[in-house]
Amino acid sequence: MSELKRKRKTKFFLACILLFFSAEIFSQNTPEEFNILFYNVENLFDIKNNPETLDDEFTPSGERRWTYKRFQKKLLDISKVILNASGWKPPQLVALCEVENMYVLEKLLSDTPLQSHSYKIIHKESPDRRGIDVTLLYNEKEFYPIEYQYIPLKNQSDSVLQTREILYVSGILAETDTIHLFANHWPSRYSGLLESLENRTLAAKTLRNKIEELQQKFANPKIVIMGDFNDQPSDESLLLHLGAVEIPQPSTTDAQQLYNLSFPWMKDDLGTLKYQSQWSVFDQIIITGSLLNTSEQIFTRPEWASIVKLPFLFEKDERYGGLKTYRTYSGFRYNGGFSDHLPVMLKIQLNQH
């Protein structure tokens, strides 16, 4: 071997070593990304009639002609959303609402491509009349749950409302720091906006009490609140009773203040669900200011809260123009789509010190 070839080979070898160590150093200093998804999946029911709940329409002989084939397609559709929501790596935490029971969740994780991911389930049957629940899927390799609690809505006479409970989960993200997550599906407007306002106010006050309890117990806990609130960020249930405000400009944030990161979405031409020609922002992301401190082990930024706008979640709105959500049912007509809501997602960065 000539001296020139030997020198070239040595230089190539040193370059490879340098590249290897540079990659190692870069990977160690690059913060990891952690994503939390919330999705109202629009009536994920099995096909069996539960005599204790109002689910009769979601049976093969019911008004919606809900068959096992349609159920299977629904599971695949939900898995497609979860797998594509955050790019190449699925969200580590997935909060879902409008799911009927543990069976449908187990089928979601066993009968779809989600089976190759390490998701576990937190679930409890709610007192909701229709039997729909709020639940959490978590990647057990990247999230360690410490505790969870389902918080019922109780009126002044201490009676439990027949609606969804608020799910509270605390856990450790990627062996780094503790996060406190609340998944919500507040009472709907079905009986009328004003008639149902009292129940959403109760949900807001119930959640507020739990948050204040956490803030008394821990120093500046990092709290994430997600859900379908059936109200917009500027409505009094969220703004006044929960106390979730818009981040001030210029930004000077308080570690214990609740900030609704969904306010900017109201200025866009698209929300999280559409009724006739009107888009609304019912699905929202709220955090404590403690999560906006970029020097902490985990943090986020206001622009990292987003509506998931995957192209296949939309269809053309022939009646009102533009786009609308590609939903499973349009009234009682089977439409074969995904959901009447769009998912929302929060990205969290992990500082690796």
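The model is predicted, so local features need pLDDT of at least 70 and side-chain atom pairs pLDDT 80 or more, while totals for chains, interfaces and linings use all residues. Residues are numbered from 1 along each chain as its sequence is written, and side-chain values use heavy atoms, without hydrogens or water.

**View 1. Val-99 in strand E2 (residues 93-99).** Strands are DSSP runs of E with at least two residues, helices runs of H or I with at least four, numbered from the N terminus. Val-99 counts as buried because its relative accessibility is 0%. Beyond four places in sequence, Val-99 is in contact (heavy atoms within 4.5 Å) with Val-41, Leu-44, Val-104, Leu-105, Gly-131, Ile-132, Asp-133 and Thr-135. The C-alpha atoms of Val-99 and Glu-125 are 9.8 Å apart, at a sequence separation of 26 residues.

**View 2. The largest nonpolar core, with 70 residues.** Such a core is a set of buried Ala, Val, Leu, Ile, Met, Phe, Trp, Tyr and Cys residues joined through side-chain atoms within 4.5 Å. Residues with the most contacts inside it include Ile-36, Leu-93 and Ile-285. Strand E1 (residues 32-44) gives the most to this core, 7 residues. Another core, of 21 residues, lies apart from it and has Tyr-168 and Phe-229 among its members.

**View 3. Contact of helix H2 (residues 68-84) with helix H3 (residues 102-110).** On the H2 side the contact is made by Tyr-68, Phe-71, Leu-75, Ile-78 and Ser-79, and on the H3 side by Tyr-103, Val-104, Lys-107 and Leu-108.

Technical notes
Buried < 20%, exposed > 50% of the residue type's maximum accessible area, 1.4 Å probe, protein only. Axes fitted to C-alpha atoms, helices over the stretch in contact; angles between N-to-C directions.
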